[in-house]
Amino acid sequence: TLSNEVLIAAARPNLRKHDILIPQSHGKFILMLPKTSQRAAELIAEAIRTDVGTKISPFSVSIGLITWDHSKPSYG
């Protein structure tokens, strides 16, 4: 199995200096993209998926995307 360090190294070129990559468990991460539109986050996610898949072959990447607009009130 691949180490988290190898996966981080493959993803890092697509990250900006203010992005936050948080390892959760082996091969699972949370990536926080502050002040990023949904479209920009989609582009970053696709670039990471492509780069990791290319650099670490054969390896597939699944990415879920959640956005939050703090300017809109949340209820609950």
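Helices are DSSP runs of H or I with at least four residues, strands are runs of E with at least two, and both are numbered from the N terminus. A pocket is an open set of points on a 1 Å grid over the protein atoms alone, where a 1.4 Å probe fits, with protein on both sides within 12 Å along at least five of seven lines; its lining residues have an atom within 4 Å of a point.

The model is predicted: local features need pLDDT of at least 70 and side-chain atom pairs count only at pLDDT 80 or more, while totals for chains, interfaces and linings use all residues. Residues are numbered from 1 along each chain as its sequence is written, and side-chain values use heavy atoms, with hydrogens and water left out.

**The chain as a whole**

- The chain has 2 helices and 2 strands, and from the N terminus on these elements run α-β-β-α.
- Along the principal axes, the C-alpha atoms of the chain fill a box of roughly 45 × 25 × 20 Å.
- Of the 76 residues in the chain, 20% are buried (under 20% relative accessible area with a 1.4 Å probe and protein chains only; exposed is over 50%, and partly exposed is in between).
- When contacts (heavy atoms within 4.5 Å) between residues at least 6 apart in sequence are taken, 37% of them join residues at least 24 apart.

**The largest pocket**

- The largest pocket holds about 1000 Å³ of space, a volume filled by probe spheres set on the grid points, which are joined across faces, edges and corners.
- Its lining has 33 residues, and those nearest the centre of the pocket are Ile 30, Leu 31, Met 32, Ile 63 and Gly 64.
- Two or more lining residues come from each of α1, β2 (28–32) and α2 (38–55).
- By residue class, the lining divides into 21 nonpolar, 9 polar and 3 charged residues. Ala, Val, Leu, Ile, Met, Phe, Trp, Tyr, Cys and Pro count as nonpolar, Asp, Glu, Lys and Arg as charged, and the others, Gly among them, as polar.

**The largest nonpolar core**

- Leu 7, Ala 10, Ala 11, Leu 15, Leu 33, Ala 41, Ile 44, Ile 48, Val 52 and Ile 56 form the largest nonpolar core, which has 10 residues. Such a core is a set of buried Ala, Val, Leu, Ile, Met, Phe, Trp, Tyr and Cys residues joined through side-chain atoms within 4.5 Å.
- At least two residues of this core come from each of α1 and α2, and α2 gives the most, with 4 residues.
- Ile 44, one of the core residues, is in contact with Asn 14, Arg 16, Leu 33 and Thr 36, leaving aside neighbours within four places in sequence.

**The loop between α1 and β1**

- Asn 14 lies in the loop between α1 and β1 and counts as buried, at 17% relative accessibility.
- The side chain of Asn 14 makes a polar contact of 3.0 Å with the side chain of Asp 51. A polar contact is a pair of N or O atoms within 3.5 Å; within protein, one must be able to donate a hydrogen and the other to accept it, and residues adjacent in sequence count only if both atoms are side-chain atoms.
- Beyond four places in sequence, Asn 14 is in contact with Ile 44, Ala 47, Ile 48 and Asp 51.
- Ala 47 and Asn 14 are 33 residues apart in sequence, with their C-alpha atoms 6.7 Å apart in space. Ala 47 is found in helix α2 and is partly exposed, at 25% relative accessibility.
- Asp 19 lies in the loop between α1 (4–11) and β1 (20–25), and Asp 19 is buried, with a relative accessible area of 10%.
- The side chains of Asp 19 and Arg 16 are joined by a polar contact of 2.8 Å.
- Not counting residues up to four places away in sequence, Asp 19 touches Leu 31, Met 32, Leu 33 and Pro 34.

**Exposed and partly exposed positions**

- Lys 35 lies in the loop between β2 and α2 and is exposed, with a relative accessible area of 87%.
- The phi of Lys 35 is near 50 degrees, a positive value in a residue other than glycine. Most residues other than glycine have a negative phi.
- Pro 58 is in the segment after α2 and is exposed, with a relative accessible area of 78%.
- From C-alpha to C-alpha, Pro 58 and Trp 68 are 33 Å apart in space and 10 residues apart in sequence.
- Leu 43, in helix α2, is partly exposed at a relative accessible area of 47%.
- Leu 43 and Pro 58 are 15 residues apart in sequence and 22 Å apart in space, C-alpha to C-alpha.
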